[in-house]
Amino acid sequence: MKHEIIHTGEKPFKCQECGRCFTRKGSLKDHMRIHTGQKPFKCEECGKCFSWNESLKAHMRIHSGEKPFKCKECGKWFSERGNLYTHMYLHSEIKLFKCAKCGKQFSQRGNLIRHSNIHNGIKSFKCKECGKCFSRKDILNIHIKTHKRKKHVQIEEKEKPYQCNKCGKCFNSLSYFTAHIKSHSKEIVQPDGKSESKELSTIIHQNQILFDAASLIVENEDERS
């Protein structure tokens with residue numbers, strides 16, 4: 001009798017919560033876990049619990065690394081069948097997800113959500129350095145690189161106090177700095193017979209004053225501490 005119900009399409013077991021009907025009592029019992037929140041199937045590896053045994057089996061593939069579902073187009077493997085189906089949209093021209101604002105279509109829901117953030121002004125990716133927010137993670141990553149470059153310049157300026165006014169290059173040694181400045185300057189003969197340029201003397205003098213002032217500040221701070 002129970003088997004015949006499958007062929008007749010009769011569903012005598014009804015959920016009192018949502019009204020959904022089932023052909024078997026066991027199916028109704030499994031369904032009720034959605035409403036009760038019961039999760040009797042526990043992963044022995046990480047302790048995560050699931051409502052259905054099938055969900056636990058799929059989860060266990062994360063720990064085992066098993067990927068039984070293969071894409072016939074590119075050969076990529078997946079641990080869950082649903083992920084394979086989602087991946088297959090990349091190979092087809094099917095784009096089920098359409099933007100309600102501009103009509104642009106996408107093969108994956110995640111891409112549509114990221115695109116919609118542009119229209120909605122949602123900026124969920126925040127820079128930890130300055131607090132500035134962005135709608136896309138790739139733009140945030142580009143922004144973060146600007147902070148890294150600034151930090152590099154600050155470290156370089158601290159370690160190399162002699163900076164060339166012509167090209168911005170920095171040096172930690174006055175002798176190297178002097179040699180570099182000469183590459184930019186036209187040498188003239190001074191009355192004392194030394195070969196040097198007015199521009200060279202001025203730049204070296206300015207940088208020496210700045211360096212001496214900075215050194216004096218550091219010495220004073222050391223004495224206070």
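Helices and strands here are DSSP runs, of H or I over at least four residues for helices and of E over at least two for strands, numbered from the N terminus.

Before that, a word on what we are looking at. This is a predicted model, in which local features need pLDDT of at least 70 and side-chain atom pairs count only at pLDDT 80 or more, while totals for chains, interfaces and linings use all residues. Residues are numbered from 1 along each chain as its sequence is written, and side-chain values use heavy atoms, with hydrogens and water left out.

Let me start with the whole chain. The protein chain holds eight helices and 14 strands. Of its 225 residues, 21% are buried, where buried means under 20% relative accessible area, exposed means over 50%, and partly exposed is in between, with a 1.4 Å probe and protein chains only. The accessible surface comes to about 17400 Å², and carbon and sulfur atoms account for 51% of that; these areas come from the Shrake-Rupley method with a 1.4 Å probe, and for residues only the protein chains shown count as cover. If we take contact to mean heavy atoms within 4.5 Å, then among the contacts in the protein chain with a separation of 6 or more, 7% are between residues 24 or more positions apart.

The UniProt record, an unreviewed entry, gives the annotation "domain: C2H2-type" to residues 13–40, 41–68, 69–96, 97–124, 125–152 and 162–187. Its positions are given in the numbering used here, feature names are shortened, and annotations may be inferred rather than shown by experiment. Residues 13–40 are 43% helix and 14% strand, with the end C-alpha atoms 22 Å apart. For residues 41–68 the figures are 43% helix and 14% strand, and the end C-alpha atoms lie 22 Å apart.

Helix H2 runs over residues 25–36, which is 12 residues, and reaches 17 Å from its first C-alpha to its last, close to the 16 Å expected at 1.5 Å a residue, the expected span being 1.5 Å times one less than the number of residues. Which residues of H2 are buried? They are Leu28, His31 and Arg33, and the cover over the buried residues of H2 includes strand S1 (13–14), strand S2 (21–22) and strand S3 (41–42). Just after the helix, Gly37 takes a positive phi of about 80°.

Arg20 counts as partly exposed because its relative accessibility is 49%, and, not counting residues up to four places away in sequence, Arg20 touches Phe13, Lys14, Cys15 and His31. Arg20 and His31 are 11 residues apart in sequence, and their C-alpha atoms are 9.2 Å apart in space.

Now back to His59, which counts as buried because its relative accessibility is 9%. Leaving aside neighbours within four places in sequence, His59 is in contact with Cys43, Cys46, Lys48 and Phe50.

Further along, His115 is found in helix H5, and at 13% relative accessibility His115 counts as buried. Beyond residues up to four places away in sequence, His115 touches Cys99, Cys102, Lys104 and Phe106. The side chains of His115 and His119 make a polar contact of 3.1 Å, a polar contact being a pair of N or O atoms within 3.5 Å, where within protein one must be able to donate a hydrogen and the other to accept it, and residues adjacent in sequence count only if both atoms are side-chain atoms.

Finally, where is the largest nonpolar core? It is made up of five residues, Tyr162, Cys164, Phe171, Phe177 and Ile181; such a core is a set of buried Ala, Val, Leu, Ile, Met, Phe, Trp, Tyr and Cys residues joined through side-chain atoms within 4.5 Å. Phe171 touches Lys160, Pro161, Tyr162, Tyr176, Phe177 and His180, not counting residues up to four places away in sequence. Ser173 is found in the loop between strand S12 (170–171) and helix H7 (174–184), and Ser173 is buried, with a relative accessible area of 18%.
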